[in-house]
Amino acid sequence: VSSNAQLPRFRAVFALTILLPLALGAGWLFLDSFRIAVTVPVQLNYVDGYTVDDALRLARGEPLYPDPTNAPYTVTVYTPVFLAATAALIRLGCDGFVAGRLLVLASMLDLAAIIIWIGYRRTGWVAVLVALALLLHPMQWPWSLVIRPDLTAIFLSVLAVVVMSGDKGRRAAAISATLCIVAVLTKQTAAASPVAILISLLVRDRRGALLFSTIFGLGTLSAAAALQWASHGQFFFQTVTANVNPFAIGRAVAMYGRFLATGPLFIAILVVMLVATARCRKLSVVALYALLSLLTAVAVGKTGSSMNYFLEPLVAVALWAAIEFPVDWFTRRQPVRMVIGAVAVLAVLLISTTSWIHQLKDRRAVRTVLPVHANLVNTVSEVEGAVISDDASLLVAAGKPVHYRPFIMAQLAEAGLWDQGPFLRELENGAVPLIILRIQPAALHETRYTPAMREILDRRYRIAFQYQLGAAFVALRPVETRAVIPQTIVEDE
């Protein structure tokens with residue numbers, strides 16, 4: 001009786017001392033993220049400007065998957081749903097950067113809401129704790145604002161899994177299949193959820209599995225065929241072939257290590273869920289989704305990949321814990337509950353401190369570069385003709401289209417899948433009056449431009465000015481052109 005009487009008091013103390021600080025911290029981060037999304041047009045990730053350029057091209061009624069044989073020398077590496085949604089907001093008068101960032105931020109908040117909504121009925125305050133810890137995870141900066149379709153595709157994938165976890169009928173299978181189709185058309189790598197759902201259905205409902213696979217297979221193939229036809233054969237080349245980069249297992253292992261180092265709480269939750277699953281000897285569709293997302297993240301070993309590959313495992317494990325955390329097993333043992341409470345407090349303090357220190361530093365740094373960014377935008381906008389930039393946010397803000405997309409086009413050229421000849425002739429003739437490069441580290445620069453491109457740049461261009469904007473950049477002009485150097489942001493060589 002004494003133990004039961006103390007339980008409400010324990011829950012109240014838990015809510016006030018742990019959940020409330022977490023909620024306040026998450027709320028602050030959301031408001032600050034919203035302010036950055038609306039007021040800071042500086043790139044937070046290399047792909048930001050290129051993704052917005054794709055959406056702007058679609059909003060203007062131009063092909064989303066243009067033929068890169070002639071200028072512009074660019075490809076669209078994502079399937080179209082996220083880009084179409086961003087383009088729709090642009091057509092309504094929204095700035096491209098604001099539109100993309102608000103979609104990504106909304107996807108992250110919706111994921112946290114789903115975790116609380118579906119999990120609270122099963123694990124109570126554990127679901128709230130997990131969702132808030134997710135919002136405060138160090139990976140939230142900058143990935144909850146980076147303009148790419150990952151989080152939107154994850155949101156759709158989670159919806160599909162949640163539908164199947166709650167309803168075992170054929171209608172649920174049809175709805176989940178439809179959501180998986182849209183997820184794949186948002187980002188083509190969204191494979192963990194349809195595979196998890198199919199495996200789960202094969203175990204308990206063969207006819208349901210047949211229905212799911214038929215709807216998902218026919219829907220995906222039909223959409224892909226239509227896009228392939230509408231793009232004159234460019235869709236598959238740009239979304240699949242252009243994304244096949246060299247893979248290194250050593251890189252994948254190193255990236256997994258970096259991910260696990262970002263949050264000990266994630267490791268603790270994953271271990272608890274694996275032990276609980278082993279005890280009951282049953283894998284639910286949610287557990288399958290979480291484990292498969294950890295497996296598919298191995299693609300992070302590709303050249304040019306980044307930590308965004310771990311966003312889905314992070315969300316999937318949070319969803320798994322919110323739905324299936326073994327609350328009863330822990331609450332039956334008072335000493336264990338005290339230990340778990342102490343560990344939770346320590347984890348909250350660690351996550352909050354790490355995230356706040358890291359994010360405060362980086363968020364302040366973003367705002368300090370705004371004057372430099374504004375001056376650079378003015379410089380770029382005054383250039384007559386095409387501009388090439390490793391920072392495409394400058395091009396978007398200056399109203400310049402992407403003329404050449406670094407890295408991807410270089411990889412295609414070196415693989416013999418794109419003829420760089422026309423572009424090399426432009427460089428040789430000095431037809432590009434301004435080129436902005438991030439030349440350090442050298443290994444990064446070498447992945448963005450082929451040896452033939454770099455040879456012409458060294459011979460036919462000279463440094464006009466240089467600046468710092470999150471990294472060191474140099475601006476090149478053709479040797480015949482007298483440089484106009486903006487005094488507020490540059491240094492003479």
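Q: What should I know about the model and its numbering before I start?
A: It's a predicted model, where local features need pLDDT of at least 70, side-chain atom pairs count only at pLDDT 80 or more, and totals for chains, interfaces and linings use all residues. Residues are numbered from 1 along each chain as its sequence is written, and side-chain values use heavy atoms, with hydrogens and water left out.

Q: How many helices and strands are there in the protein?
A: Helices (H or I, at least four residues) and strands (E, at least two) are DSSP runs, numbered from the N terminus. Here you get 23 helices and four strands.

Q: What order do the strands of the sheet have?
A: Two strands count as paired if DSSP finds at least two bridges between them. In this case the four strands form an open sheet in the order S1-S2-S4-S3, with mixed pairing. Strand S1 (387-389) and strand S3 (461-468) are the edges, each pairing on one side only.

Q: How many bridges join S3 to strand S4?
A: Seven, and S3 and S4 (residues 472-478) run antiparallel. Look for arginine 462, which sits opposite arginine 477 in S4.

Q: Which helix packs on the sheet?
A: First, contact means heavy atoms within 4.5 Å, while axes are lines fitted to C-alpha atoms (for helices over the stretch in contact), with angles from 0 to 180 degrees between N-to-C directions. Helix H23 (residues 451-460) packs there, touching strand S2 (434-437), S3 and S4, and its direction makes about 95 degrees with that of S3.

Q: Is lysine 187 buried or exposed?
A: Buried means under 20% relative accessible area, exposed over 50%, and partly exposed in between (1.4 Å probe, protein chains only). Lysine 187 has a relative accessible area of 9%, so it's buried. You'll find lysine 187 in the loop between helix H8 (170-186) and helix H9 (192-204). Leaving out residues up to four places away in sequence, lysine 187 touches Tyr78, Thr79, Pro149, Asp150, Ala153 and Asn308.

Q: And what about phenylalanine 30: where does it lie?
A: Phenylalanine 30 is in helix H1 (residues 2-39). Its relative accessibility is 30%, so phenylalanine 30 counts as partly exposed.

Q: How much of the protein is buried?
A: Buried residues make up 53% of the 493 residues.
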